[in-house]
Amino acid sequence: MRAIPFHTAPRGAAYIQLIDELIEKTGRFFLVDRRYREDTPAGVARVLQRLKPYLIESCTTEEMMMKTRAFYTEGIYYIYECTPGSGQILKEEADSFLDWLYPSLPDDLCFLKEDGSDYLFTEAHEDGCGMRITEEEATDLMKRIPGLSFIF
């Protein structure tokens with residue numbers, strides 16, 4: 001299993017279908033509040049408030065790195081439960097994974113595997129996102145979700 005980037009970030013119908021798939025397949029996702037300023041920007045605060053009923057925990061960058069053994073940039077990480085309700089909010093607030101970009105929205109929507117590692121990762125500030133899956137899994141997803149394209 002390796003990180004396979006998307007050719008272009010899923011948007012529109014492909015984004016919606018992939019969110020549905022991820023909500024069904026994984027248990028948790030996270031978003032990041034970078035808090036470069038003292039006040040949380042309005043768009044970020046709105047999304048965090050809407051997702052509050054699904055919040056599992058929040059943690060610092062250091063705590064997140066200890067949980068996953070991955071490197072993350074500075075911020076407060078909010079980990080949420082995958083449910084139809086939380087998925088609906090993700091679909092209403094953005095049209096693409098690259099829309100999850102601070103300060104308009106919380107940063108870097110990522111879905112987590114059971115072991116805490118990234119399943120779908122987003123680095124919106126670098127115009128990148130992808131999934132840690134096999135080529136066979138990527139091919140299957142592309143067959144089922146029109147407009148989804150990976151770089152092998």
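User: Why is F30 called buried?

Analyst: The relative accessible area of F30 is 1%. Buried means under 20%, exposed means over 50%, and partly exposed covers what lies in between (1.4 Å probe, protein chains only), so F30 counts as buried.

User: Good. What should I keep in mind about the model itself?

Analyst: The model is predicted, so local features need pLDDT of at least 70 and side-chain atom pairs count only at pLDDT 80 or more, while totals for chains, interfaces and linings use all residues. Residues are numbered from 1 along each chain as its sequence is written, and side-chain values use heavy atoms, with hydrogens and water left out.

User: How many aromatic pairs are there, and what makes Y15 and F97 edge-to-face?

Analyst: Rings of Phe, Tyr and Trp (its six-membered ring) pair if their centres lie within 6.5 Å; planes under 30 degrees apart are stacked, over 60 edge-to-face, and the rest tilted. That rule gives 5 aromatic pairs. The ring centres of Y15 and F97 are 4.9 Å apart, which meets the distance limit, and their planes stand at 70°, so the pair is edge-to-face.

User: Which parts of the chain does this pair tie together?

Analyst: Helices (H or I, at least four residues) and strands (E, at least two) are DSSP runs, numbered from the N terminus. Y15 sits in helix α1 (residues 13-25) and F97 in the loop between α4 (84-93) and β5 (107-112), so the pair ties together parts 82 residues apart in sequence. Both Y15 and F97 are buried.

User: And what about F30 and Y77?

Analyst: They also form an edge-to-face pair, at 5.4 Å centre to centre and 70° between the planes. F30 belongs to strand β2 (residues 28-33) and Y77 to strand β4 (residues 76-81), 47 residues apart, which links distant parts of the chain. Elsewhere, F29, Y80 and F111 form one aromatic cluster.

User: Which residues have the most contacts inside the largest nonpolar core?

Analyst: A nonpolar core is a set of buried Ala, Val, Leu, Ile, Met, Phe, Trp, Tyr and Cys residues joined through side-chain atoms within 4.5 Å. The largest has 37 residues, and those with the most contacts inside it are L18, F29, L90, F97, L109, F111 and M131. Helix α1 supplies the largest share of this core, 6 residues. A second, separate core of 10 residues includes V32, M64, Y72 and L112.

User: What is F97 in contact with?

Analyst: Contact means heavy atoms within 4.5 Å. Leaving aside neighbours within four places in sequence, the contacts of F97 include P10, Y15, L18, L109, F111 and C129.

User: What is the order of the strands in the open sheet?

Analyst: Two strands pair if DSSP finds at least two bridges between them. The open sheet has 7 strands in the order β1-β7-β6-β5-β2-β4-β3, with antiparallel pairing. β1 (2-5) and β3 (55-60) are the edge strands, each pairing on one side only.

User: What makes R34 and D108 a salt bridge?

Analyst: A salt bridge is a side-chain nitrogen of Lys or Arg within 4 Å of a carboxyl oxygen of Asp or Glu. The N to O distance here is 2.9 Å, so R34 and D108 qualify. R34 lies in the loop between β2 and α2 and D108 in strand β5, 74 residues apart, so the pair links distant parts of the chain. Each partner counts as buried: R34 at 6% relative accessibility, and D108 at 6%.

User: How many salt bridges does the whole structure have?

Analyst: There are 11. Among them is R11 with D95, whose closest N and O atoms are 3.8 Å apart. R11 is in the loop between β1 and α1 and D95 in the loop between α4 and β5, 84 residues apart. R11 has 49% relative accessibility and D95 has 34%, so both R11 and D95 fall in the partly exposed range.
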